[in-house]
Amino acid sequence: MPRGVLREMLAEFFGTFILIVFGVGVVAQVVLSKNSAGTFLSINIAWGLAVAMGCYVSAGVAGAHLNPAV
(Lines give C-alpha, C1' and ligand atoms only; values in the text may rest on other atoms or scores of the structure.)
Protein backbone atom coordinates (compact mmCIF):
# COMPACT_ATOMS: atom_id res chain seq x y z
CA MET A 1 0.00 0.00 0.00
CA PRO A 2 1.46 3.37 -0.97
CA ARG A 3 2.36 5.71 1.87
CA GLY A 4 -0.07 8.40 0.66
CA VAL A 5 -3.05 6.06 0.79
CA LEU A 6 -2.22 5.01 4.35
CA ARG A 7 -1.89 8.66 5.35
CA GLU A 8 -5.29 9.49 3.85
CA MET A 9 -6.94 6.52 5.53
CA LEU A 10 -5.52 7.50 8.92
CA ALA A 11 -6.63 11.10 8.46
CA GLU A 12 -10.18 9.99 7.68
CA PHE A 13 -10.13 7.60 10.63
CA PHE A 14 -9.01 10.28 13.09
CA GLY A 15 -11.46 12.83 11.68
CA THR A 16 -14.35 10.41 12.05
CA PHE A 17 -13.09 9.36 15.48
CA ILE A 18 -13.13 12.96 16.71
CA LEU A 19 -16.59 13.51 15.24
CA ILE A 20 -18.06 10.49 16.99
CA VAL A 21 -16.27 10.90 20.34
CA PHE A 22 -17.30 14.52 20.83
CA GLY A 23 -20.80 14.06 19.41
CA VAL A 24 -21.73 10.93 21.32
CA GLY A 25 -19.92 12.20 24.42
CA VAL A 26 -22.09 15.28 24.73
CA VAL A 27 -25.26 13.25 24.20
CA ALA A 28 -24.18 10.84 26.94
CA GLN A 29 -23.39 13.76 29.25
CA VAL A 30 -26.81 15.35 28.80
CA VAL A 31 -28.78 12.11 29.00
CA LEU A 32 -26.95 10.64 31.99
CA SER A 33 -27.11 13.90 33.95
CA LYS A 34 -30.84 14.22 33.20
CA ASN A 35 -30.34 17.68 31.66
CA SER A 36 -28.51 19.12 34.67
CA ALA A 37 -25.17 19.27 32.80
CA GLY A 38 -26.48 20.43 29.45
CA THR A 39 -29.54 20.82 27.28
CA PHE A 40 -30.70 20.18 23.73
CA LEU A 41 -28.90 23.35 22.68
CA SER A 42 -25.57 22.15 24.06
CA ILE A 43 -25.99 18.91 22.08
CA ASN A 44 -26.49 20.88 18.87
CA ILE A 45 -23.54 23.18 19.52
CA ALA A 46 -21.22 20.32 20.44
CA TRP A 47 -22.17 18.29 17.35
CA GLY A 48 -21.44 21.34 15.21
CA LEU A 49 -18.05 21.77 16.87
CA ALA A 50 -17.38 18.05 16.50
CA VAL A 51 -17.98 18.24 12.76
CA ALA A 52 -15.76 21.31 12.50
CA MET A 53 -12.93 19.69 14.48
CA GLY A 54 -13.19 16.46 12.47
CA CYS A 55 -12.99 18.46 9.26
CA TYR A 56 -9.99 20.44 10.49
CA VAL A 57 -8.18 17.21 11.31
CA SER A 58 -8.71 15.46 8.00
CA ALA A 59 -9.48 18.09 5.36
CA GLY A 60 -5.88 18.99 4.61
CA VAL A 61 -4.86 15.40 3.96
CA ALA A 62 -7.88 13.53 2.66
CA GLY A 63 -10.68 15.99 2.01
CA ALA A 64 -12.75 15.31 5.16
CA HIS A 65 -15.20 12.75 3.82
CA LEU A 66 -16.42 11.99 7.34
CA ASN A 67 -18.95 9.18 7.22
CA PRO A 68 -19.34 7.14 10.40
CA ALA A 69 -21.57 4.62 8.59
CA VAL A 70 -18.70 3.31 6.48
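Select Phe13, Phe14 and Phe17, which form one aromatic cluster. Rings of Phe, Tyr and Trp (its six-membered ring) are counted as a pair if their centres lie within 6.5 Å; planes under 30 degrees apart are called stacked, those over 60 edge-to-face, and the rest tilted. By this rule there are 2 aromatic pairs. In one of them, the ring centres of phenylalanine 13 and phenylalanine 14 are 5.3 Å apart and the planes stand at 65°, so this pair is edge-to-face. Phenylalanine 13 also pairs with phenylalanine 17, and this pair is stacked, with 6.2 Å from centre to centre and 20° between the planes.

The model is predicted: local features need pLDDT of at least 70 and side-chain atom pairs pLDDT 80 or more, whereas totals for chains, interfaces and linings use all residues. Residues are numbered from 1 along each chain as its sequence is written, and side-chain values use heavy atoms, leaving out hydrogens and water.

Helices are DSSP runs of H or I with at least four residues, strands are runs of E with at least two, and both are numbered from the N terminus. Phenylalanine 13 and phenylalanine 17 are 4 residues apart in helix H1, and therefore about one helical turn separates them. An α-helix has 3.6 residues a turn, so residues three or four places apart point the same way.

Colour the residues by accessibility next. Buried means under 20% relative accessible area, exposed over 50%, and partly exposed in between (1.4 Å probe, protein chains only). Phenylalanine 14 is partly exposed at 44%, and phenylalanine 17 is partly exposed at 46%.

Move on to helix H2, residues 40–62. Which residues of H2 are buried? They are Ile43, Ala46, Ala50, Gly54, Ser58 and Ala62. Helix H1 (3–32) is included in what covers them. Then centre the view on tyrosine 56, where H2 has a kink of about 35°; the bend is the angle between axes fitted to the seven residues ending there and the seven starting there. Just after H2, select glycine 63, which takes a positive phi of about 95°.

Finally, zoom out to the whole protein. Its secondary structure comprises 2 helices and 0 strands. The C-alpha trace spans about 50 × 15 × 15 Å along its principal axes. Buried residues account for 24% of the 70 residues.

Key:
Expected span 1.5 Å × (residues − 1). Contact = heavy atoms within 4.5 Å.
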